[in-house]
Amino acid sequence: MIALALLLTGGAATGCGGRATTHHKPGTSHEQASGSVGTLLATADAAGHKLREVPAEGAPEVRLALRPDSEDGWNLQLSVKNFRFTPDSTGGAALPGAGHAHLELDGRKIARLYGPWFHLPAAQVPEGAHTLTVRLYADDHTAWAVSGKPVEGAAQLTAPAPGTPGGHSHGEAPSQSPQPPQPPQSPQSPQSPAPGQGQADRTVTITVRDGKVSPAPARTELRRGERVALRVTSDRADTLHVHGYDKELALPAGQEATLILTTDRTGLFEVETHGSSLVLTQLLVR
């Protein structure tokens, strides 16, 4: 009972005003332990996150499978065991068999995953053979580990050369079109909404240049059910990710891209870029 009380107390302390967030507590690091599950090791994974050792019996497991998408890139599936995704409590205490995953391409982190499915745009994968790795993390950003090794799964991926005859469109997207693989709107008409999505109730316009976000990241308050348009222009190719909603948008270099989102759940949700790891804004839905 005491241990349970400590876990519950630790989880509540990391929230913002009592709400679950998708980022760690201000003033603490990703590696800082905030739970008492397993044993926190002095060693860390390749990304610098400390390992949280648990017994092999009942430990989290993950496998990675992928297949080409009919329009662009690949669809990835994470098959997990003794593990559940908990996007609403990310940044809180480490709880048994809970957390999120990181996706790496040849050892470089390209996404944080909050569910078993993920679409990988072709624009993020250079031509040639690559290794995709998924690694499981606790809510406090420590890496689940067994026998001193991170819990992870891997798969091989070969990206075709641009313009390969007979290849899927995901092999042609990076060089044949400057637009994102699945653009919600045409770059030539940034003011028009995506086809079939209608008008948004709110619009948030953001510019990323030289690693800086303008205007400075702040909270955008919304009512549940409102539609918000995230209009982003980045000076480098990247991917926008709305945590909690698991929505993504490819950002072509130097071109405006828009994601229209219906806020059908309440909470505090971060919007960030994968490649540059920049927080663009926070959506506070009441």
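**Strand pairing, confidence and one glutamine**

Strand 2 and strand 10 pair in the parallel sense, over 3 bridges, and please keep in mind throughout that this is a predicted model. Within that pairing, glutamate 53 has alanine 145, in strand 10, as its bridge partner.

On strand 2 (residues 50–53) there is also an antiparallel pairing, again with 3 bridges, to strand 1 (residues 39–44). Here leucine 40 is bridged to arginine 52 in strand 2. Strands 1 and 2 form a hairpin with 5 residues between them, and in the turn glycine 48 has a positive phi of about 95°.

How far does the predictor trust the chain? The mean pLDDT of the protein chain is 78, with 75% of its residues reaching 70 or more. Among the elements, strand 10 (residues 143–146) has the highest mean pLDDT, at 96, whereas helix 2 (residues 173–176) has the lowest, at 34. Over residues 1–34 the pLDDT is below 50, although this stretch has 66 contacts in the model beyond near neighbours in sequence. Residues 165–197 likewise stay under 50, and for them the model has 61 contacts beyond four places in sequence.

Leaving aside residues up to four places away in sequence, glutamine 282 touches Ala218, Arg219, Thr220, Leu268, Phe269 and Glu270.

Key:
Residues numbered from 1 in each chain as written. Predicted model: local features only at pLDDT ≥ 70, side-chain atom pairs only at ≥ 80, totals over all residues. Heavy atoms only, no water. Contact = heavy atoms within 4.5 Å. pLDDT = per-residue confidence, 0-100. Helix = DSSP H or I, 4+ residues; strand = E, 2+ residues; numbered from the N terminus. Pairing = 2+ DSSP bridges.
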